[in-house]
Amino acid sequence: MNLESMISDRARAVEASGIREVFRRRADMVDPIDFSIGQPDFAVPEVMKRAAIRAIEENKHGYTLTQGVLPLIKKIAAHLERDIGWSASRCESSMIVTTGTSGALHIAMLALLNPGDEIIFGDPYFVAYPHMARLCGAKPVFCDTYPDFRMTASRVEPLITSRTKALLLNSPGNPSGAVASARECAELLELCRSRGVLLISDEIYDEFCYADALEPTALAGGAKRCPSPCRVKGSEDAILLIRGFGKTYGCTGWRMGYTVGPKPLIEQMLKMQQYSFVCAPTPMQWSCLEAFDVDMRPQVEAYAKKRDLVVERLGPLTELQRPGGAFYAFVPVPRRVAASSREFFEKALTKNILVVPGGVFSERDTHFRLSFATSDATLERGLEALARLLRG
Ligand code: PMP
C-alpha cells in the first residue's frame with residue numbers, strides 16, 4: 001500500500017504549524033527562559049478543580065446533549081446578558097458548548113464555508129485560522145494590519161468580494177495583544193451588515209483587557225469593559241460570538257469553549273458538532289458551571305503589571321505597540337539586529353531564550369511574539385537578556 005499517494009489533497013493543503021518547530025527546539029534546551037507559551041501560568045481556581053473531581057466521582061462520564069448541559073448553558077446565557085446585553089433566553093436557545101474555542105471555530109467554518117468562499121481576518125493572526133479555512137476548501141484573505149495591528153473597516157472594505165462569507169475579528173488579539181476600540185468594533189459591524197458578511201468575534205482573551213483599553217459601556221451603569229461588537233444594540237442577528245474558558249481560568253487542556261449566534265447558523269453548527277466532537281468533555285462542562293463566580297481580577301491585574309514591565313524594558317529599544325490585552329507583545333526586530341524574525345529567533349536561542357518567530361502568525365517575518373504569561377522572576381531575567389540582544 002502506498003500511503004503517501006493516499007493522503008488527501010485537504011491534508012496536503014495544510015502545513016504543520018510553525019509553532020511545532022519551536023516546541024521541537026524547546027525539547028533540546030536546558031531550563032530555557034520560555035516566552036513561547038500561549039497559556040496562563042496561574043493555577044486553575046480551586047472551586048473549578050473540586051467541581052471537576054466531584055463530577056467524576058458522581059459518575060458524570062457519559063455523553064451530554066450535543067449543545068451542552070442545560071445548567072451550564074443557562075449560566076453562560078446569564079453571564080452574556082450581564083456582559084454584552086444579549087437576551088439570556090435568546091442566548092440559551094442559540095448556543096453550543098464546544099470542545100475549546102477551536103472546536104467552535106471549526107464547526108462554524110464547516111457550517112459556513114464552501115470551496116472557493118473567502119474569510120477575512122487580520123494579519124498577524126492566530127496560527128490556526130488560515131488552516132481551518134483551507135480545510136473547508138475556502139480561501140483565507142489576510143487584512144494587513146501592520147504597524148499598529150488595528151483591523152479597521154477602511155482596511156477591510158477593499159478586501160470584500162462576492163465570495164466573502166465572514167470577517168473574523170480577534171480582539172484582544174493573538175499575537176499582537178491589540179484591542180479594537182468600541183468605535184472600531186461598531187464600524188466593522190456596520191460594514192459587515194451593509195455587505196451581507198457574517199462577523200465572527202473570537203473573544204477568547206476577553207477577560208485579559210487592561211485598564212487603558214477598557215471603555216465605558218451602556219451596561220452595568222456605565223461600567224468599563226473590554227470593547228466588543230456584541231455590545232452594539234441589536235447585534236445578535238449579525239454576529240457569531242466565540243469565547244472560551246481555557247485562557248481565563250488557566251485550563252486550556254480542559255478543552256472548553258462556547259459559541260452563540262444567529263439560530264439558522266447554530267442549527268447547522270450543531271450537526272457539525274454531532275458528527276465530529278459529539279459534545280464538550282462532560283466533567284469539564286460541570287466544572288465550568290463554577291467559572292463565572294470566580295473573581296479573576298487579581299490574576300488579570302498581575303498580567304497588566306507584566307505587560308507594563310515588557311513595555312518599559314523593550315519600548316525604548318524598538319517600535320513596540322503597547323498591547324491592550326491578551327498576554328502577548330508582538331515585537332518588531334530592528335534591522336540592525338537581524339534581517340528576519342527567524343534569524344532573531346536563532347539568536348535568542350543562543351542566549352537560552354525561546355520566543356516565537358512572527359512568520360508563524362503572519363505573511364511577514366519582521367516581528368517576534370513574546371508571551372509574558374510567566375513568573376515575574378523569569379520575565380525580569382528574560383527581558384534583560386532580550387534588551388541586550390535588541391540593543392545589537
Ligand atoms: N483563538 C485564539 C485567538 C487563540 O489564541 C486560541 C489559542 N491560542 C484559540 C482560539 C484556541 O483556543 P482553545 O484552546 O480554546 O481551542
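1. The whole structure contains 35 salt bridges, each defined as a side-chain nitrogen of Lys or Arg within 4 Å of a carboxyl oxygen of Asp or Glu. The model is predicted, so local features need pLDDT of at least 70 and side-chain atom pairs count only at pLDDT 80 or more, while totals for chains, interfaces and linings use all residues. Residues are numbered from 1 along each chain as its sequence is written, and side-chain values use heavy atoms, with hydrogens and water left out.

2. R50 pairs with E46 in a salt bridge whose closest N and O atoms are 3.9 Å apart. Both residues belong to helix α4 (residues 46-57), four residues apart, about one turn of the helix. Helices are DSSP runs of H or I with at least four residues, strands are runs of E with at least two, and both are numbered from the N terminus. R50 is partly exposed at 46% relative accessibility, and E46 is partly exposed with a relative accessible area of 46%. Here buried means under 20% relative accessible area, exposed over 50%, and partly exposed in between (1.4 Å probe, protein chains only).

3. In the salt bridge between E184 and R150, the closest N and O atoms are 2.8 Å apart. This pair links distant parts of the chain, 34 residues apart: E184 sits in helix α10 (residues 182-195), and R150 in the loop between β4 (139-144) and α9 (153-156). E184 counts as buried because its relative accessibility is 14%; R150, at 24%, is partly exposed.

4. E312 and R313 form a salt bridge, with 3.6 Å between the closest N and O atoms. E312 is exposed at 53% relative accessible area, whereas R313 is partly exposed at 28%.

5. Through shared partners, salt bridges join D83, E203, D206, R225, R231 and R243 into one network.
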